[in-house]
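Here is a short report on one structure.

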Amino acid sequence: MLKGRLGIETARIPQADRHGLLWLSRGRLFAEDGSLRFVSAGTDELPPGDYALPFQMVTAVLLGPGSTVSHDALRLLARHGTGLVAIGEGGVRFYASMPFGPDASALARRQAHAWANPAERLAVARRMYRWRLGEEMPNADIQVLRGIEGARMKEAYLRRAAEFGLEWKGRRYDRANPGAADVANQAINHAASAAESAAMIAVSVAGAIPQLGFIHEDAGISFCLDVADLYRDSFTLPVAFAAARKVVQSGTPIDREVRAVAAKVLRKERVVPSMIDRIKEVLDVDDGGRHP
């Protein structure tokens, strides 16, 4: 009876993709009478209004800047196994997530099994390199594969820089003084952070284990770094060099420009859903359609 008055009869937020990810920002997420609602202040993707959320049909809600969430909303999401991930604008940062994941352990068990077996671990690493580099990798140890990848990436940097009309003097990054690098290198650093954040979202949604990487080893998000690297040539470098070219022309701050370009590409090209698919492929897991 009150649907019309609440403005939710026709105002329904569609699932952003087949994985069931709802991207929300600039609004208030709360529960009322056992349902979840989002009052939006308005964004480019979502007009201002009062929306009923099909939260039982989605895998996760990705909550961006300018948003608040009530305790009752968190409780309702947890009860139905729907995840909540706090992200930066367009997914360029990963801040926190509720403990959640698909109601199945096949992918995590497959990852752990492959990681613990040296032969399978190397096979997964070779598969990732084959996807990235477009060539079959030798059955050599990981150090040899990393060396081959390093040589190929030097060519990729040079090729992409020329494509965007930028001068390229090589990859240089001083962790102690990142601002000392040239514009192109700074842009790559910021774009890589955006790719890593997207990968963290994907790994969290897929229910994989972030610590168990196949190429990266020491970081607590090693598997996320593996996944992000799969998109270095198709996402990270194009975003970085496109932003760097704008900065050279306009003089705008490089970090802001990279975040703006990355956010648009992440949403338009559905990078996070693509990463979820890649995670399943690389671990060779068929979830039988249980993961939306």
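## Salt bridges

Glu149 and Arg132 join their side chains in a salt bridge, 2.8 Å from N to O. A salt bridge here is a side-chain nitrogen of Lys or Arg within 4 Å of a carboxyl oxygen of Asp or Glu. Glu149 sits in helix α5 and Arg132 in helix α4, so the pair ties together parts 17 residues apart in sequence. Helices (H or I, at least four residues) and strands (E, at least two) are DSSP runs, numbered from the N terminus. Glu149 is buried at 15% relative accessible area. Arg132 is buried at 14%. Buried means under 20%, exposed over 50%, partly exposed in between (1.4 Å probe, protein chains only). Shared partners join Arg132, Glu149, Asp229 and Arg232 into one network of salt bridges.

The model is predicted: local features need pLDDT of at least 70, side-chain atom pairs count only at pLDDT 80 or more, and totals for chains, interfaces and linings use all residues. Residues are numbered from 1 along each chain as its sequence is written, and side-chain values use heavy atoms, without hydrogens and water. The salt-bridge count is 18.

Arg121 and Glu217 form another salt bridge (3.8 Å, N to O). Arg121 belongs to α4 and Glu217 to the loop between α6 and α7, so this pair connects parts 96 residues apart in sequence. Arg121 is partly exposed at 22% relative accessibility. Glu217 is partly exposed too, at 43%.

## Helix α4

Helix α4 has 16 residues (118–133). At 1.5 Å a residue they should span 22 Å, and the end C-alpha atoms are 22 Å apart, which agrees. The expected span is 1.5 Å times one less than the number of residues. Buried residues of α4 include Leu122, Val124 and Tyr129. The buried residues pack against α3, α5, α7, α8 and α10, with contact meaning heavy atoms within 4.5 Å.

Gly134 follows α4, with a positive phi near 70 degrees.

## The sheet

Four strands make an open, mixed sheet in the order β1-β5-β7-β8. Strands pair if DSSP finds at least two bridges between them. β1 and β8 are the edges, each with a single partner strand, so one side of each has no neighbour in the sheet. β5 (60–63) and β7 (83–87) run parallel, joined by four bridges. Leu62 stands opposite Val85 in β7.
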